[in-house]
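Colleague: I am new to this one. Please show it to me, and then let me ask how you know what you say.

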Amino acid sequence: EARQFFLKNYHLYHKQNKFLWALPCLTLLFAATLSSCSEKDDDQPVTKHHFLMSAQADNGFFITSFENFNEGTSVSYDKAITLPTGHLFMEKYGKNIYLQSGSMYGFGGEQTLYKYEVNANGQLSAQPIGKLSFPGSPNAVEIIFASETKAYAVTCASRGQLIVFNPTTMSVTKEIDLSPYAEGDKDPDGGNGIVRDGKLFLPLNQAKSMKEILVTPAQVAVIDVATDKVEKVIKDDRATSLGMVGHTSPVIDEAGNIYFHTGPRAAMMCQFMPGKGYKDGLLRIKKGETEFDKDFYMSLQTTEGAEIGSYGMYMAYGGNGKIYTFLYKPSLVKDPNDQTYIVNKCYVPYEIDVNKKTGRILSLPASCGWAANAIIKVGSSIYFGEHTDNGIGFYRYDMATGKGFMQPSVKTPNGAYKVISLD
């Protein structure tokens, strides 16, 4: 009976929540192209770019650099790199940018990681300087860097392998077998992890499918980076399926504490299968520890402004115990039949205070599903990439004054999907 209830409501939820289900299922119309921001002619002034953003448009991702977040700045796609729609990984490590449109559970994206050089003016090389095609279609989604010569590619719905590769040579060196830690099948479904103090902290999602997770305690595998040995798997029954792959990001505060959040899938199960043991949550692993902090837990369904079904996705740390995210609010969905994922403005900029274990909605407009992910700290401001009724672009929240601005400081052609610093 509970499963029939879940399946009956899933179609409605799918339309409300494009990020979780629509993103991997779009038809791929774009092959990866190699147009990028090239250096200008010597006789023309060169503007230094400090940031890189991506946005979804026309069934592809457009990745372009821009100068700064000064009021009145506009971003264009004139020299954008394009990748097919999927789950976009975009990160700067060392002097290089790594891009991949990953495949989640076999849907969308591709199996190739591209490496671009960044010049002194913050512009990406015209051609990728390296690429790595992961063999066997392992559904690589997240990349976690440990050093210039070691990184981990997280797979899902595969053989339970964690791929180890060398970012310098862009070659696979080995695989770590995580299948002994799986429940229900042979793949524990790695989540979005982080390296700290020589240890990789990798959440295990324990998913039955893209739509369902097992009712298991939150789990994180602790892996020694030097030996690539799994030292242990820690568990906490206060949350279910921590660090959802493709939709969450761990953060580290100034004390070195790590925070993981469950993300959309656990929240969906809480909403549509109540009383079945599913739990959302924000958990912490303190600096110097390899166990969950028993004194810290937060639910993003019970904080101020939240509701059953609420969740955060990617998070940015602002300092002083403040984490910033977009909070999904089911009650803001006006048209459950909308297929554009633009009509419903149901993601609100949100501040989490881990010291006080509180949360609050910020005085910024709500955004749609295609733009509820790009958040960055610049100085004393937090910028949210949004598509709102007031306009499309980056909206500023001033942490010093607590003031939010209802018009975009930086205009973008489409709502930003991700944004990173090039410095």
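Modeller: What follows is a set of questions and answers on this predicted model.

Colleague: How do you know how far to trust the protein, by its pLDDT?
Modeller: The scale runs from 0 to 100. The protein averages 89, and 89% of the residues score at least 70. Residues 1-42 are another matter: there pLDDT stays under 50. The model has 127 contacts beyond four places in sequence for that stretch. Where pLDDT is low, predicted coordinates should not be read in detail.

Colleague: What makes up the secondary structure of the protein?
Modeller: Three helices and 29 strands.

Colleague: What share of the contacts links residues 24 or more positions apart?
Modeller: Such pairs account for 56% of the contacts with a separation of 6 or more.

Colleague: Why is helix 3 called mostly covered?
Modeller: A residue is buried when its relative accessible area is under 20%. Eight of the nine residues in helix 3 (residues 264-272) are buried. Among them are P264, R265, M268 and F272. Across the protein, 61% of the 423 residues count as buried.

Colleague: What volume does the largest pocket have, and which residues are closest to its centre?
Modeller: The volume is about 960 Å³. The lining has 31 residues, and E91, S249, P250, M315 and I420 are the closest to the centre.

Colleague: Which strands supply at least two residues of that lining?
Modeller: They are strand 5 (87-93), strand 9 (140-145), strand 13 (194-196), strand 17, strand 20 (316-319), strand 24 (375-378) and strand 29 (416-421). Strand 5 gives the largest share, five residues.

Colleague: How many residues of the lining are nonpolar, polar and charged?
Modeller: The lining divides into 21 nonpolar, five polar and five charged residues. Met, Ile and Pro count as nonpolar and Glu as charged.

Key:
Residues are numbered from 1 along each chain as its sequence is written. This is a predicted model: local features need pLDDT of at least 70, side-chain atom pairs count only at pLDDT 80 or more; totals for chains, interfaces and linings use all residues. Side-chain values use heavy atoms; hydrogens and water are left out. Buried means under 20% relative accessible area, exposed over 50%, partly exposed in between (1.4 Å probe, protein chains only). Helices (H or I, at least four residues) and strands (E, at least two) are DSSP runs, numbered from the N terminus. On a 1 Å grid over the protein atoms alone, a cavity is a set of points where a 1.4 Å probe fits but cannot get out, and a pocket is an open set with protein on both sides within 12 Å along at least five of seven lines; lining residues have an atom within 4 Å of a point. Grid points are joined across faces, edges and corners, and a volume is the space filled by probe spheres set on the points. pLDDT is the predictor's confidence in each residue, from 0 to 100. Contact means heavy atoms within 4.5 Å.
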